[in-house]
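Let's read a structure together, one feature at a time.

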Amino acid sequence: MSENKIPYKIYLDESEMPKAWYNLRADMKNKPAPLLNPGTLEPMTAQELGEVFCNELVKQELDDTTPFFEIPREIRDFYKMYRPSPLVRAYCLEQKLGTPAKIYYKFEGNNTSGSHKLNSAIAQAYYAKQQGLKGVTTETGAGQWGTALSMACSYLGLDCKVYMVKCSYEQKPFRREVMKVYGANVTPSPSDTTQVGRKILAEFPGTGGSLGCAISEAVEAATSMPGYRYVLGSVLSQVMLHQSVIGLETKAAMEKYGVKPDIIIGCAGGGSNLGGLIAPFMGEKLRGEADYRIIAVEPASCPSFTRGEYRYDFCDTGKVCPLAKMYTLGSSFMPSADHAGGLRFHGMSSVLSQLYDDGHMEAVSVKQTDVFQAAEDFARIEGILPAPESSHAILTAVNEAMRCKETGEEKTILFGLTGTGYFDLAAYQKFHEGIMTNTVPTDQDIAASLAKLPKV
């Protein structure tokens, strides 16, 4: 038996919490395309990436052959505060829908950050601390990643500078304040504190910002201050690796009770939670050991999978980051400020993009008002107020369950409930007052952005 096929159970401790992260890339026949230097268009070297990222994280980013990475004891001890996270059978939802389907969700909101983001935040902060750094910089959309990183940095005694997408900074003041509770410095992006921020403000006056803008500012800040490195909450392969704890725990719990999912659903912005949830299941699928229907759900206002192109593109609006081959809407694409969730990135993880392009998973886009209706229904039925991001997966899970009701099929549906929505009440208020809209980019909007893609 090859190392890749060693049962993942071996990598779980007595509490069924992972002792190692699973690297899905090791089982991919077609590996994700490498990151490219924007100047030379050659694959980024470890030395080049080390100028931006922590050294150990660079090793993880570039390694697409090692199946498992041992989780350091200090990180596992931190995980014990909130892991293993609950896998819940949605009995009440099944009954309300009258469906023969069995519905399960993996709930990642049982920590102060309110989301799955803490799984990677503590890992990245740990490696920064091990390297002897003073602090880290990052971006955040809805604020979940910024909150998680501020918690991790506070725990380890690191400085944390967060560039928060401006419209979210204004719409979600309480999440911003939680970051400050944990000692983070939070700046609305784009800002006038960086060269790239001033350039974006000049080109897009009055913009509500995007993750691409915030990434540019965070990278500039990190590379201009000695003792700092940049960390990212999604998209990169290292983040998918850390988030594999979600899928490993889920698979262990389902197998313990003799349950196998037919359909696995996750919301998709940059890809971190979806990649983490599906990792061990997709590994089985790639090795030919099992089959699953896997669905990525994205917002209709930022539909990189369903309306983007599979091309090399900048990961940031300011075009200072490496080029990644991914499904993208173009780095200059600006999601509508009315978009209420954190799924605002113009592209998608290179790992997930390759899997999608190879036909191993599906993608759908859904409208914002439908998402919030599903969120409210779920809160009333299951008792958890979900984050807007998670609610994309909820809506699609409900739609699949209703198809089972129509056909009489008794399928098992698994979805990721990535976090809670208690800091998103301003968006819920807009929904209740009937002023939330469904802003969907036109073909012309997307074409104009795609026309600016680099010629690679």
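Q: Which residue is the bridge partner of Phe 107 in β14?

A: Strands of a sheet pair through backbone hydrogen bonds, either parallel or antiparallel. Here, Phe 107 has Leu 417 of β14 as its bridge partner. Two strands are said to pair if DSSP finds at least two bridges between them. Strand β4 (residues 102–107) and β14 pair in the parallel sense, over 6 bridges. As for the names, strands (E, at least two residues) and helices (H or I, at least four) are DSSP runs, numbered from the N terminus. Bear in mind that this is a predicted model, in which local features need pLDDT of at least 70 and side-chain atom pairs count only at pLDDT 80 or more, while totals for chains, interfaces and linings use all residues. Residues are numbered from 1 along each chain as its sequence is written, and side-chain values use heavy atoms, with hydrogens and water left out.

Q: How many bridges join β9 and β14?

A: β9 and β14 pair in the parallel sense over 3 bridges. To find the place, look for Ile 265, which stands opposite Phe 415 in β14.

Q: Is β14 enclosed or open to the outside?

A: For this we ask how much of each residue can be reached: buried means under 20% relative accessible area, exposed over 50%, and partly exposed in between (1.4 Å probe, protein chains only). In strand β14 (residues 412–417), 6 of the 6 residues are buried, so the strand is largely enclosed by the rest of the structure. Both of its faces are covered: Thr 412, Leu 414 and Gly 416 are buried on one side, and Ile 413, Phe 415 and Leu 417 on the other. For the protein as a whole, 64% of the 456 residues count as buried.

Q: In what order do the strands of the sheet with β14 lie?

A: The order is β3-β4-β14-β9-β10-β13, an open sheet of 6 strands with mixed pairing. At its edges stand β3 (87–89) and β13 (362–366), each with a single partner strand, so one side of each is left without a neighbour in the sheet. The twist averages 25° from one strand to the next; for such angles, axes are lines fitted to C-alpha atoms (for helices over the stretch in contact), and angles run from 0 to 180 degrees between N-to-C directions. Within this sheet, strand β9 (residues 263–267) and strand β10 (residues 293–299) pair in the parallel sense over 5 bridges. Cys 267 has Val 297 in β10 as its bridge partner.

Q: Which strands form the open sheet with parallel pairing?

A: That sheet has 4 strands, in the order β7-β6-β5-β8. Its edges are β7 (185–189) and β8 (228–230), each with a single partner strand, so one side of each is left without a neighbour in the sheet. Neighbouring strands are turned by 20° against each other on average, direction ignored. β5 pairs with strand β6 (residues 159–165) in the parallel sense over 6 bridges, and Thr 140 stands opposite Met 164 in β6.

Q: How many cavities are there of 30 Å³ or more?

A: Rolling a probe the size of a water molecule over the atoms shows where empty space is left. On a 1 Å grid over the protein atoms alone, a cavity is a set of points where a 1.4 Å probe fits but cannot get out, and a pocket is an open set with protein on both sides within 12 Å along at least five of seven lines; lining residues have an atom within 4 Å of a point. Grid points are joined across faces, edges and corners, and a volume is the space filled by probe spheres set on the points. By this rule there are 6 cavities of 30 Å³ or more.

Q: What lines the largest cavity?

A: The largest cavity has a volume of about 340 Å³ and is lined by 27 residues, with Lys 117, Leu 211, Ser 234, Gly 270 and Gly 342 nearest its centre. β5 (135–140), α6 (144–156), α10 (211–224) and α12 (272–287) each supply at least two residues of this lining.

Q: What is the volume of the largest pocket?

A: The largest pocket has a volume of about 250 Å³. Among its 15 lining residues, Pro 32, Ala 33, Pro 34, Leu 35 and Glu 61 are the closest to its centre.
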